[in-house]
Amino acid sequence: MRASLQRWRDDFRVLYRYVRPYRWVMAGLVLLMALVGATNAGMTYLIQWVMDTLIIRLDFRRLPVLAGTLLLIYAVRALAMYYSTAVSRSIGARVVHDVRRRLFSHVLEQPAPFFRRFPTGQLSSRMTHDGTVLQQGITEVFTDVVLEGFKALAVALYILWLHWRLALVALVAVPLLVVPVAVIGHRLRRVTEQFHGAVGDLTHGFHQVLQGLRVVQAYWGQARERRQLEQKTDRLLRLQHRWVFWNALHAPIVEVCLGIALFGLIVYGAYQIRRGDLTPGGFTSFVAAMLMVYTPLRRLSKLNDLLQQTATAAHRLEQVFLYDLRLPDPPTPVSLPTVRGDLRFESVYFWYPGKSTPALVGVNLSVAAGETVAIIGPSGAGKSTLAQLIPRLMDVTEGAVYLDGHDIRTLRLQDLRAYVGWVPQEVFLFEDTVFNNIAYGLLGVTEAEVVRAARQAHAHEFILQLPEGYQTVIGGETAGLSGGQAQRIALARALVRRPRVLVLDEVTSALDSESEAHIQTALAELKGTCTLLIISHRWSMLRLADRIVVMDKGRIIDEGTHEELLRRCALYRRLWRRQAVEAR
Ligand SMILES: Nc1ncnc2c1ncn2[C@@H]1O[C@H](COP(=O)(O)OP(=O)(O)O)[C@@H](O)[C@H]1O
Ligand SMILES: [Mg+2]
């Protein structure tokens, strides 16, 4: 009991946090709903009056008063219901609107480790599914719980006032109703839960198959996949049947119970009328009130479930907000009038959350402004991690990275990202024009600047050959472009900002030799104009470097020229020999 009270309180608290901005509107809403409840009692009272005065005594003198009152009650009720429904729906919609906006701005600022905890699929489902549940829940809490609660309360008070002994007799029917309804409700809930699980299972399975459809087809796995998916829908069908069964049982049981209760009421009521304790109108209005109280009670019985579901959704969203790995801007950022591009790593350590070994172990590296440095090492050595620390996509765990002698954490993040160009290994292009893909994130870029960057990246020629040149829309999955072309657009995107430091993470690892040659020429032309950090195994790239750095297991194990390393570094020799074999 204590535990469940505690849970209720927690659930309410979580929900309240979301609706807090609307608390005054909601207070007004509650008043309106109380008004609707009162009109319910008013209506049952009118029934009594109509029966006794109009029908039994055939006294029509007060007909105008009746008409007036009836109209008034209905007008008030209609208005109040209109506003309360409209407002409660709109609050629900607004709360979710707020949540989605908060979610966007929260997620858009998060560094990579955040998405280990909340993968993109999860985030989408939280935004759409949990958002919808929250919205419905808030709306329903109002319409079902508050509104129906008031309706039931008003009518209950009315019948107690009308004839409390009769009300007690009617109460006898409550356990008759409550027990079977509770049992069925419990069953239904269990089936519903299983059903949701099964739907998730099916969606997941279907998604997986679609993602791997080519592999499925190439290895002739359709029959196997079909069987698996069919099993899942079969289960869904079984659960649905079970649900239908229990749900259909609900109404007849309720009917029977109501019938029994009604019978008791009629007998006892008739007796009371005969004794003169109750008018026929009073009795009729009593029965009407009983029937009116039933719907609200049934809906109120959903309260617990509803609250739990809604609170679960709210909790799931709250978890995302509470997990905040955003990198804070310094309170008083250093502003650099000009940036040379001196880069220095000092005893840098980096741990990915949840990993037992660090990805970088005491890395020390200095790169002078304008220098070109190549980084080479087996996969998993920590090269990409190192690259991402420079634009502060992630922060060092220990140590520091310096740009022109300033710890990069003392700069404004936005400034830093303007100085540093980063071209990731996996190219990502937006579903937008070539122009907008290159100018991404910059306001008021001229065409000349975009073309200059595209020329520098050796992309201008092929862009002009696209159907609509720079205005050609390219796809999210580089549709219509070869990997090398996409890679050059990504390079142009970095170059249009005239970065002082340019970091290229294995941009040539999966390219055809022609694209590789283009990128190589582009970089050869760039060399010396900015600090260049090139992560690559390709000889074409290593050859450009003033200095080559060898990384292994998170450490820098050697650095020097190609000839020096070939002579003294066994790992370099191995990597070099392997790429030489591949190149042939
Ligand atoms: N997002 C991540 N979460 C956890 N561990 C990661 C993540 N990215 C990389 N790692 C780990 O960090 C180490 C270095 O990875 P990475 O910098 O990508 O190496 P490289 O680019 O040299 O292949 C590897 O052991 C890898 O498993
Ligand atoms: Mg890498």
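How many bridges join E11 to strand E12, and do these strands run parallel or antiparallel? E11 and strand E12 (residues 555-560) are joined by 5 bridges and run antiparallel. Strands (E, at least two residues) and helices (H or I, at least four) are DSSP runs, numbered from the N terminus, and two strands are taken to pair if DSSP finds at least two bridges between them. The structure is a predicted model, in which local features need pLDDT of at least 70 and side-chain atom pairs count only at pLDDT 80 or more, while totals for chains, interfaces and linings use all residues. Residues are numbered from 1 along each chain as its sequence is written, and chains are lettered from A and ligands numbered from 1 in the order in which they are written.

In E11, Val550 has Ile376 opposite.

An open sheet of 4 strands, with antiparallel pairing, has the order E2-E1-E4-E5. Strand E2 (360-367) and strand E5 (406-407) are the edge strands, each pairing on one side only. Strand E4 (residues 398-403) pairs with E5 in the antiparallel sense over 2 bridges, and Tyr402 stands opposite Asp407 in E5.

The domain assignment, which is automatic or from a database, gives domain 1 (1-163 + 293-324), domain 2 (165-277) and domain 3 (343-583). The C-alpha centres of domain 1 and domain 3 lie 55 Å apart. The contact (C-beta atoms, placed from the backbone, within 7 Å) takes 4 residues from domain 1 and 5 residues from domain 3. On the side of domain 1 that touches domain 3 there are 3 nonpolar, no polar and 1 charged residues. In these classes, Ala, Val, Leu, Ile, Met, Phe, Trp, Tyr, Cys and Pro count as nonpolar, Asp, Glu, Lys and Arg as charged, and the others, Gly among them, as polar.

The largest nonpolar core has 71 residues, and those with the most contacts inside it are Ala374, Ile438, Leu491, Ala492, Leu533 and Ile534. A nonpolar core is a set of buried Ala, Val, Leu, Ile, Met, Phe, Trp, Tyr and Cys residues joined through C-beta atoms within 7 Å. A residue is buried if 20 or more other C-beta atoms lie within 10 Å of its own, exposed if 12 or fewer, and partly exposed in between, with C-beta atoms placed from the backbone. Helix H16 (residues 483-495) supplies the largest share of this core, 7 residues. Not counting residues up to four places away in sequence, Leu533 touches Val367, Val373, Ile375, Ala387, Val503 and Leu504. A second, separate core of 46 residues includes Tyr18, Val96, Ala152 and Leu317.

Ligand 1 is surrounded by 13 residues, the closest being Tyr352, Ala359, Lys383, Ser384 and Thr385; a residue is near a molecule if its C-beta atom, placed from the backbone, lies within 6 Å of it. This shell divides into 4 nonpolar, 6 polar and 3 charged residues, and helix H11 (residues 383-389) gives its largest share, 3 residues.

Gln110 is found in the loop between helix H3 (63-108) and helix H4 (114-117). Gln110 is partly exposed because 18 other C-beta atoms lie within 10 Å. Gln110 and Asp324 are 214 residues apart in sequence and 7.2 Å apart in space, C-alpha to C-alpha. Beyond its neighbours within four places in sequence, Gln110 is in contact with Phe115, Leu325 and Arg326.

Key
Two residues are in contact if their C-beta atoms, placed from the backbone, lie within 7 Å.
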